[in-house]
Amino acid sequence: MREGDLGAAWRVLALVCAASFVSTLDITVVVVAFNDIRHSFTNVSRAERSWVITVYTITAAALLVPGGRLSDRVGCARVFLLGVGLFTFGSLLSGLAPSVRVLIG
């Protein structure tokens with residue numbers, strides 16, 4: 001392996017590690033914020049708050065296999081960047097959600 005290739009490999013590794021950290025941090029924030037959601041949204045039942053975590057987990061798990069298949073077809077880098085973009089956009093929408101039902105959606 002050439003020296004330039006090794007530097008590119010380290011940059012890719014750093015990017016993937018950073019994205020993995022942000023994803024893990026996001027689900028941790030959702031779990032930690034579980035009780036704060038009750039204060040932010042009035043008249044929210046515990047079941048509705050539980051759905052916030054459940055829907056996040058189900059969505060992430062459901063997109064893993066199709067994402068892997070898509071990356072085989074169009075390339076890992078494209079699908080990775082698309083995933084990071086969708087994740088960022090979804091996190092932004094979640095932060096702006098006016099109600100818990102919109103947050104769950």
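Here are a few friendly questions and answers about this predicted model.

Reader: How are helix α3 and helix α4 oriented relative to each other, roughly parallel or roughly antiparallel?

Author: Helix α3 spans residues 46-74 and helix α4 spans residues 76-95. Their axes come within 8 Å and cross at roughly 155 degrees. Angles over 145 degrees count as roughly antiparallel, so α3 and α4 are roughly antiparallel.

Reader: What is the handedness of the crossing of α3 and α4, and which residues of α4 make the contact?

Author: The crossing of α3 and α4 is right-handed. On the α3 side, the contact is made by Tyr56, Gly67, Leu70, Ser71 and Val74. The residues of this contact divide into six nonpolar, two polar and one charged. From α4 come Cys76, Arg78, Val79 and Phe87.

Reader: Is Gly90 buried, partly exposed or exposed?

Author: Gly90 lies in helix α4. Its relative accessible area is 28%. Buried means under 20% and exposed means over 50%, so Gly90 is partly exposed.

Reader: Which residues make up the largest nonpolar core?

Author: Nonpolar side chains tend to be buried together in soluble globular proteins. Here the largest nonpolar core has eight residues in all, one of them Ala97. Not counting residues up to four places away in sequence, Ala97 touches Phe41, Val102 and Leu103.

Methods. Residues numbered from 1 in each chain as written. Predicted model: local features only at pLDDT ≥ 70, side-chain atom pairs only at ≥ 80, totals over all residues. Heavy atoms only, no water. Axes fitted to C-alpha atoms, helices over the stretch in contact; angles between N-to-C directions. Helix = DSSP H or I, 4+ residues; strand = E, 2+ residues; numbered from the N terminus. Parallel < 35°, antiparallel > 145°, perpendicular 65-115°, else oblique. Left-handed = near helix turned anticlockwise from the far one by under 90°. Contact = heavy atoms within 4.5 Å. Nonpolar A, V, L, I, M, F, W, Y, C, P; charged D, E, K, R; others polar. Core = buried A, V, L, I, M, F, W, Y, C linked by side-chain atoms within 4.5 Å. Buried < 20%, exposed > 50% of the residue type's maximum accessible area, 1.4 Å probe, protein only.
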